[in-house]
Structures are given as C-alpha cells and as structure tokens.
Amino acid sequence: MRQFVVCGHDAPTTPDFPLDDLPGAAGRLDLLCRCVNAGLFVSHGIREDSRVHLVLGDEYTVRFDGASARGLHPDERSTAARVRSALESRDDAIGHMPAEVAPGVELYRMGLAETLDSLDGTLVQLHEAGAPVADLAPPADPVFVLSDHSDFADSEADLLARRADERVRLGPRAVHADHSIAVAHNYLDTDGYATY
C-alpha cells in the first residue's frame, strides 16, 4: 500500500465554498484535488494500491482509497465536490469513526497527528531539505507526508521530526505537491524495473 498525507493549511473545513473558485475562495483546494488525482489515477485506470489523505486545517481528514473508489473522475472540480460532500457530513464523523461520503471516500474528525497514528507503514517526510530519495531503499508500505503550497507549520515540523522514519527530497529542485506525488509513484514503480 502506498499512502500520501497532504497537509492543507488554507483548505476549507466547512462546505461553504464555491466549486468555481478553488484556488481562491476555497483556499487552494485546487492543489489538494490535483494531489488526489496524482495519487490515484493512471492512464485509463486507478491505482488500487494507493490512498490519499487530505488533512484540512488540522481538523478533518478526507481519505480517498483507490481500491474502493467508484465514480471518481480525474478533474479538480469533481474531486472538490467530493471534498465538499465530505464536509457536509462532518457531524457524522466521530474521531476514528468515519463518515462515508461515497465509495472510497471517507471523512475523519482527525488532524495530522491522529491521522498518522491511524496509519501503518514507513513514515517518509517529503521535504526539499531531506536526503536524496535515491539513497533510500524503497519501503514496502510507504506513508509519504507532504505539505501543500506552504511550508510545514512549526507544530507539524516538530511532529514529523519526532515521528518520520525518513526525510527525503525527490530531486534537486522543489516541485509542486501533486508533482511530488507523481515522482514518488515513479520512484516506487521503477524499483527493480530493468530498462532496455
């Protein structure tokens, strides 16, 4: 299983946002939706071994599970509509007991620390100041943690300094969060792959 935890610092925590202004009025929800798309979709298919967890304002986590997702489309607007539906059911989520929004989409009343507590695998912080990813043997069940367009908050950085098994960078230059997910997938996909 590959998992991606994305910290959305300006993301909405209520469903009162327009679908026609995701970069502005929805607090850069466009970027988070692109992370879901990069985490789950391949050409003409979906990665059944992948999950994306969007941590919204350290209050809620929306989990997208590739193995059970149905009717999910690779565009920002429809993904944002799923996030909005999740937030509409926020009163039904109680801690680790999720509100199921749609097949493969659940809302948890958990911030970053609680989300990390609920996941199994090797915790890998993606950070431009980390060690080169080429120096890391690909873990069997990686949980990649990354930030949106903002740096990790001090509390998040402290938490990850204590909890992360690895801190890596994916290349010589910082790239967008959704691109980082695509590069991480490529890194895992090519492990053991012989080129001709």
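Predicted model: local features only at pLDDT ≥ 70, side-chain atom pairs only at ≥ 80, totals over all residues.
## About the model

Local features here need pLDDT of at least 70 and side-chain atom pairs count only at pLDDT 80 or more, while totals for chains, interfaces and linings use all residues. Residues are numbered from 1 along each chain as its sequence is written, and side-chain values use heavy atoms, with hydrogens and water left out.

## The sheet

Let's start with the open sheet, whose eight strands follow the order E6-E7-E5-E4-E1-E9-E8-E10 with mixed pairing. At its edges stand strand E6 (99-102) and strand E10 (166-169); each has a single partner strand, so one side of each is left without a neighbour in the sheet. On average, neighbouring strands of this sheet are turned by 30° against each other, direction ignored. Strands (E, at least two residues) and helices (H or I, at least four residues) are DSSP runs, numbered from the N terminus, and two strands pair if DSSP finds at least two bridges between them.

For a look inside the sheet, take strand E5 (residues 60-65) and strand E7 (residues 105-108): they run antiparallel and are joined by four bridges. Here Arg63 stands opposite Glu106 in E7.

Helix H1 (residues 29-40) packs against helix H2 (residues 76-88) at an angle of about 100°, and their axes are 9 Å apart. H1 and H2 are therefore roughly perpendicular to each other (the term covers 65 to 115 degrees). Axes are lines fitted to C-alpha atoms, for helices over the stretch in contact, and angles run from 0 to 180 degrees between N-to-C directions.

On the H1 side, the contact (heavy atoms within 4.5 Å) is made by Leu29, Asp30, Cys33, Arg34, Val36 and Asn37. H2 contributes Glu76, Thr79, Ala80 and Val83. By class, this contact has five nonpolar, two polar and three charged residues. Ala, Val, Leu, Ile, Met, Phe, Trp, Tyr, Cys and Pro count as nonpolar, Asp, Glu, Lys and Arg as charged, and the others, Gly among them, as polar.

At 10% relative accessibility, Leu126 counts as buried (under 20% relative accessible area, with a 1.4 Å probe and protein chains only). Not counting residues up to four places away in sequence, Leu126 touches Phe144, Val145, Leu146, Phe152, Val168, Leu170 and Ser180.

Ser89 lies in the loop between H2 and E6. Ser89 is buried too, with a relative accessible area of 13%. Leaving out residues up to four places away in sequence, Ser89 touches Ala99, Val101 and Leu107.

Methods. Parallel < 35°, antiparallel > 145°, perpendicular 65-115°, else oblique. Buried < 20%, exposed > 50% of the residue type's maximum accessible area, 1.4 Å probe, protein only.
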